[in-house]
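Student: I am new to this structure. Please show me how to read a few of its features.

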Amino acid sequence: MSRRKRRIQQRSIERRDAQIGMGERKFRDMSIRISSFMGRFGFEARRIAPNLASGAYLKLQFAMRGHDGDEYCRWFLEQPQIPMPQVVNIETINRCNSTCAFCTANVHAEKRPFRKISDDLYRSIIDQLADWGYGGHLTLYGNNEPLLDTGIVEKHRYAREKLPESFIFMSTNGLLLTLDRIREVQPYIDQLIINNYAEEYKLHDNIRQIYDYVRTHEEEFRDIEIIIQMRYLQEVLTNRAGSSPNKKATEKVYTKTCLLPFTDLWITPNGTVGICCCDNLEVTDFGDVNKTPLREIWEGEKLQAARRAIAQGRDRYPFCKNCDFIDAGFRTAVARAVMDGDQAGANRIGGEGAPARTPCRLPFGKGRRLPCVRRRLSFSLSAP
Ligand SMILES: C[S@@+](CC[C@H](N)C(=O)[O-])C[C@H]1O[C@@H](n2cnc3c(N)ncnc32)[C@H](O)[C@@H]1O
Ligand code: SF4
Ligand code: SF4
């Protein structure tokens, strides 16, 4: 590696460490914060002109993603040993109690037969991850509401015990959330994302109570970072390869690459490994964890062949060709850190959806990029 390249890489690591440091300082000072993508203005834009806002959001995100995704795909396929996943998603129950218009799991759109993971299968997955030496991100939810799983705290406890280095985060709609629930789960998770889905820019009563309490009892919650995201219930997001109820996948073909098959291991409650979270109806099937070891599935030829195709562009893989799901933000930041040789830093990047901490690079002419300072698109706000 040339001296110049090494210097650039070193600077990039320092910049990210500074960001992570900032996050940690903030997080020591303040265990809870409220964020909204593009602030109050963004929320209103999504409410008043959902299709327009969705289009603008996708354009912005694809631009911010730059070439990091393409580079990670190439890097991944060039490694002598297939790299580990960066995010393991285990959907422990496939139901939700909310009505988010954009989500395939909303109570009006749900089409899946009810499934809940068996304790044996769950423990076997976690044990296999531990034997594999996994230290990346872990989520015990997928297209569902994790708090509907009555065993979710115990499952987090088990995961924490077996995977002490993993960054475990939970994303919830908060409808069933109480302070006691947070107290129960907080020893086992690093970050709690509460998505306050609502018609108006207003906190639900229970979430406001949680916010007020945590703000005045920071000590009690100093080991966990809680982020409340102001989300519009009727928002239009991505088509998720055709599974989103309020945005159909059209004939439009997308040629961008996609990070998800390279970063994410997606496991449904019955043990099927699918291409990603967009495959809600289990159209793709890369193996059954009940029959095949997890690592064998991740490193198997079937998934590698899909990756090789997607590394050329998502249009090369039939399931993905009309999917406009965007991997910018969290996953791009993780991929960048891994390519910088900083796996430990990658493992500490928070899972919030908004790209607030993304070390971003904007496309700058053909094949060149203009390194730019971090863009803060997700604002920390006072309680609405
Ligand atoms: C499916 S939810 C599961 C966890 C929990 N129920 C929640 O909403 O936080 C996980 C994430 O997927 C996002 N999501 C759902 N439908 C989406 C879509 N059509 N496009 C992009 N993201 C979507 C949600 O907004 C949420 O941030
Ligand atoms: S986004 Fe989350 S809360 Fe909303 S319907 Fe989907 S799974 Fe449920
Ligand atoms: S293109 Fe869409 S469906 Fe395909 S892997 Fe990416 S997110 Fe999943």
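Tutor: Start with E282, which lies in the loop between β8 (273-274) and α10 (294-298). Helices (H or I, at least four residues) and strands (E, at least two) are DSSP runs, numbered from the N terminus. This is a predicted model: local features need pLDDT of at least 70, side-chain atom pairs count only at pLDDT 80 or more, and totals for chains, interfaces and linings use all residues. Residues are numbered from 1 along each chain as its sequence is written, while chains are lettered from A and ligands numbered from 1 in the order in which they are written.

Student: Is E282 buried, exposed or partly exposed, and how do I tell?

Tutor: Count C-beta atoms, placed from the backbone: 20 or more others within 10 Å means buried, 12 or fewer exposed, in between partly exposed. E282 has 13 such neighbours inside 10 Å, so E282 counts as partly exposed. E282 also has a positive phi of about 55°, although it is not a glycine.

Student: Where is R240, and is it buried or exposed?

Tutor: R240 sits in the loop between β6 (225-232) and α9 (260-263). R240 is buried, because 22 other C-beta atoms lie within 10 Å. R240 is not a glycine, yet has a positive phi of about 45°.

Student: Which residues are around ligand 3?

Tutor: A residue is near a molecule if its C-beta atom, placed from the backbone, lies within 6 Å of it. Around ligand 3, the residues include C258, C276, R314 and F319.

Student: How does the shell around ligand 3 divide by class?

Tutor: Ala, Val, Leu, Ile, Met, Phe, Trp, Tyr, Cys and Pro count as nonpolar, Asp, Glu, Lys and Arg as charged, and the others, Gly among them, as polar. The ligand 3 shell has 11 nonpolar, no polar and 1 charged.
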